[in-house]
Amino acid sequence: MADKQKGLLMVFTGNGKGKTTAALGLTFRALGHGHRVCFIQFIKGSWKYGELETAKKFSGQLDFHVMGRGFTWKSDDIDKDIAVARDGWEFAKKIIAENRHHLVVLDELTYLVTYKMIEVTEILEVLSARDKRQHIVITGRDADGKLVEAADLVTEMREIKHPYASGIKAQKGIEF
Ligand code: ATP
Ligand code: MG
């Protein structure tokens, strides 16, 4: 890692589309400079995400991990969801502490706070103890005020139009 690097805490939130894709865009950029990236997805959808296939082509440089067992709002076993979320968070803590990556993406982490699976104060403690040069991205709707306050960069994706409203379903290569 370059000496003068200042690790940023970046948050992509809001109801509009583009949070995860922005994180993937930053990943793409960092990889181009030869940096290592760890991308952790906390909420696993039922789709076959294109990014999972792309990640395989960058193995060794891009570590891609999918946590969770489906969307919590479809859940039939909340206790199990909480346990899986906690496991995912413990894994993320380890990755951050090991400091082997230039950029660590915690995709959809905000939902774990919203659903009270982890405390935002615990997240902030872990982030403030990280190496000063390590960049972190957190995505997800309804980012907690404390997280927004602690961040160096916060972008809110605001929905102006989404094809879903016109009845256009999720498409391969666009939504997944
Ligand atoms: P993407 O992964 O496409 O960047 P996102 O990370 O901003 O989207 P999430 O809140 O993680 O959005 O939601 C995931 C899925 O919901 C995506 O397939 C996305 O297209 C869809 N979605 C996002 N915003 C909206 C919206 N305003 N209306 C309907 N569907 C949406
Ligand atoms: Mg997303």
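The model is predicted, so local features need pLDDT of at least 70 and side-chain atom pairs count only at pLDDT 80 or more, while totals for chains, interfaces and linings use all residues. Residues are numbered from 1 along each chain as its sequence is written, ligands are numbered from 1 in the order in which they are written, and side-chain values use heavy atoms, without hydrogens and water.

Start at ligand 1. Around it stand 15 residues, where near means a heavy atom within 4 Å. Lys-17, Gly-18, Lys-19, Thr-20 and Glu-159 come nearest. The shell holds three nonpolar, six polar and six charged residues. Here Asp, Glu, Lys and Arg count as charged, Ala, Val, Leu, Ile, Met, Phe, Trp, Tyr, Cys and Pro as nonpolar, and the others, Gly among them, as polar. Helix H1 (residues 19-32) gives the most to this shell, with three residues. Helices are DSSP runs of H or I with at least four residues, and strands are runs of E with at least two.

Now look at the polar contacts, pairs of N or O atoms within 3.5 Å. A polar side-chain atom of Lys-17 lies 2.5 Å from an oxygen atom of ligand 1. For the side chain of Thr-20, the distance to a ligand oxygen is 2.9 Å. For that of Thr-21, it is 3.0 Å.

Turn to the aromatic rings. Phe-39 and Phe-64 have ring centres 4.9 Å apart and planes at 5°, so they are stacked; pairing needs centres within 6.5 Å, and stacking needs planes under 30 degrees apart. Phe-39 lies in strand E2 (residues 37-41) and Phe-64 in strand E3 (residues 62-66), so the pair ties together parts 25 residues apart in sequence.

Terms used: A polar contact is a pair of N or O atoms within 3.5 Å; within protein, one must be able to donate a hydrogen and the other to accept it, and residues adjacent in sequence count only if both atoms are side-chain atoms. Rings of Phe, Tyr and Trp (its six-membered ring) pair if their centres lie within 6.5 Å; planes under 30 degrees apart count as stacked, over 60 as edge-to-face and the rest as tilted.
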